[in-house]
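Q: Could you take me through how to read a protein model, one feature at a time?

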Amino acid sequence: MRKRDNTLTTDQKALAVNLDKYKYGSIVEIGAGQEVARRFFQVGAAAGTVAKTMSAYDMAVSDDIYGHVDRYVSRARLLQMLDKEFSQVVKRLAHVRPKNTTFFAYAATVTARSFKQKNECHGWVGIRLQLHPGAEPSDVVMHVRMLDNDNALQSEALGILGVNLIHGAFFHHDQPEWVIEGLADGLGSERIEVDLIHFSGPYFEEVENRLMNLHLIRSWLTRAVVFSPQGDVVVPGELLYRKPVMVMRGSFKPVTLVNVDMMAAGLRQFSQLAAVDENEIVSLAEITMNSLISGDNVDGADFLARIDLLASQGYTVMISDYVRFFRLRAYLRRYTQKPIGIVLSVRDFAFLFDEKYYEGLEGGILEAFGKLFPDNTHVYVYPSRPRGTDAAATITLDNVQVPDNLRHLLAHLKENDKLVAVRPLDEEHLYIDIADVLARLRRGRGDWESEVPETVAQRIIESRLLGYDSE
């Protein structure tokens with residue numbers, strides 16, 4: 001099996017493009033200097049690659065060139081730039097360049113660290129390119145966050161990222177995973193985060209963009225990606241900005257009626273907080289990466305099935321590699337200071353109050369809970385009932401058993417409304433166990449169908465999802 005050469009330096013990548021006399025195009029950058037163009041010029045032979053470079057910093061100038069846009073650092077502006085620059089380079093040069101030229105346009109619109117304030121440093125970066133002479137173009141577009149603390153370092157990182165993207169798109173377009181993996185070459189995950197990527201066009205028609213975004217997490221380019229109910233990847237910062245957030249964590253294999261009631265009941269109580277406007281709440285169904293991995297690989301079909309089933313119920317889905325709850329909370333706090341709610345089943349308490357789970361933290365379970373609940377964060381605890389028992393057997397936040405040495409910690413968290421008991425809207429589903437549902441659906445049709453939403457059961461049966469066996 002071929003392996004990607006990850007030893008190439010940024011200069012070697014830029015030179016490889018420059019020495020290919022049939023790759024030719026424009027590089028336009030707004031917001032952090034012209035670092036990408038500079039990289040190609042400094043290695044030599046750039047006259048064979050670069051038709052034009054430009055930075056239209058003034059908004060009036062930018063609007064005059066590309067047309068009006070509501071937000072200058074946006075996907076819409078990036079696409080305007082790619083449209084204009086690619087069509088212009090082809091129109092001006094197709095008749096004078098060699099017939100086997102493949103044209104491209106690279107564009108970036110970013111807001112880097114400013115002189116006066118510590119703003120959110122992010123942007124949109126993309127390339128439109130022909131992968132065969134005369135072909136209709138294909139695009140790779142992504143949203144990035146710059147993590148360095150000063151403008152010069154952020155500009156340098158964007159320069160490296162841009163070279164990586166141009167080189168990867170041209171030389172590894174048949175292996176889109178390699179395009180993603182190569183983005184971090186010379187950077188690492190400490191300097192740049194890529195939290196959305198989208199491949200489109202004739203050379204990427206077979207690419208499943210949801211799997212590509214999952215690969216961003218696998219490649220340490222981001223810690224979380226978010227999918228809308230329509231299946232589109234969304235920028236977490238845009239979705240969560242200054243919004244109250246409610247998260248339900250689970251494997252959702254499959255999503256069951258108890259999950260539906262858990263989220264609805266949790267939202268009902270969360271919306272009663274004084275600082276929460278019910279109309280602003282962003283509710284997320286969150287799956288951790290470790291529940292998607294089989295051996296060393298992600299089971300793509302399993303992942304897509306779970307995303308589709310959750311989407312059929314209208315859920316926005318987050319995939320993260322945050323095993324511990326307090327790290328998930330810290331991630332959400334990047335974008336919002338409004339209340340955060342996490343709803344979970346009392347069945348998960350064995351996990352939540354297991355001190356082994358916090359090994360490696362200097363302060364152990366106390367440090368973990370200290371980081372989970374420093375401010376407006378609440379965990380909503382949903383009850384459970386063993387199958388075949390009556391209401392007297394219901395396990396709730398008030399009677400759940402934890403290790404003796406942690407009873408006082410549990411009492412403290414309850415007393416201070418950090419852990420909040422959830423009142424179910426429908427107690428008929430408290431007995432449902434997701435592992436049991438999965439085991440039964442893999443044997444074919446049966447009473448498990450009454451324990452999941454009707455449309456979920458239909459999709460599982462019709463598409464044979466999650467190992468459903470119609471035989």
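The dialogue below goes through cores, a helix and pockets.

A: This is a predicted model, in which local features need pLDDT of at least 70 and side-chain atom pairs count only at pLDDT 80 or more, while totals for chains, interfaces and linings use all residues. Residues are numbered from 1 along each chain as its sequence is written, and side-chain values use heavy atoms, with hydrogens and water left out.

Q: Which residues touch the most other members of the largest nonpolar core?

A: In soluble globular proteins, nonpolar side chains tend to be buried together. A nonpolar core is a set of buried Ala, Val, Leu, Ile, Met, Phe, Trp, Tyr and Cys residues joined through side-chain atoms within 4.5 Å, where buried means under 20% relative accessible area, exposed over 50% and partly exposed in between (1.4 Å probe, protein chains only). Here the largest core has 107 residues, and Ile166 and Ile319 touch the most other members. Helix α5 (residues 151-171) gives the largest share of this core, nine residues; helices (H or I, at least four residues) and strands (E, at least two) are DSSP runs, numbered from the N terminus. A second, separate core of 40 residues includes Met318, Tyr358, Leu361 and Leu406.

Q: Which residues of helix α14 are buried, and which are exposed?

A: An α-helix has 3.6 residues a turn, so residues three or four places apart point the same way. In α14 (residues 407-415), Leu409, Leu410 and Leu413 are buried. Seen down the axis of α14, these buried residues fall within an arc of 100° (taken from the directions from the helix axis to the C-beta atoms), so they line one face of the helix. On the other side of α14, His408 and Glu415 are exposed. Among the elements that cover the buried residues of α14, by contact (heavy atoms within 4.5 Å), are α12 (349-352), α13 (364-372) and β16 (419-421).

Q: What lines the largest pocket?

A: On a 1 Å grid over the protein atoms alone, a pocket is an open set of points where a 1.4 Å probe fits, with protein on both sides within 12 Å along at least five of seven lines, and lining residues have an atom within 4 Å of a point. The largest pocket is lined by 27 residues, of which Arg249, Gly250, Ser251, Asp348 and Ile434 lie nearest its centre. β9 (245-249), α9 (257-270) and β14 (340-345) each supply at least two residues of this lining.
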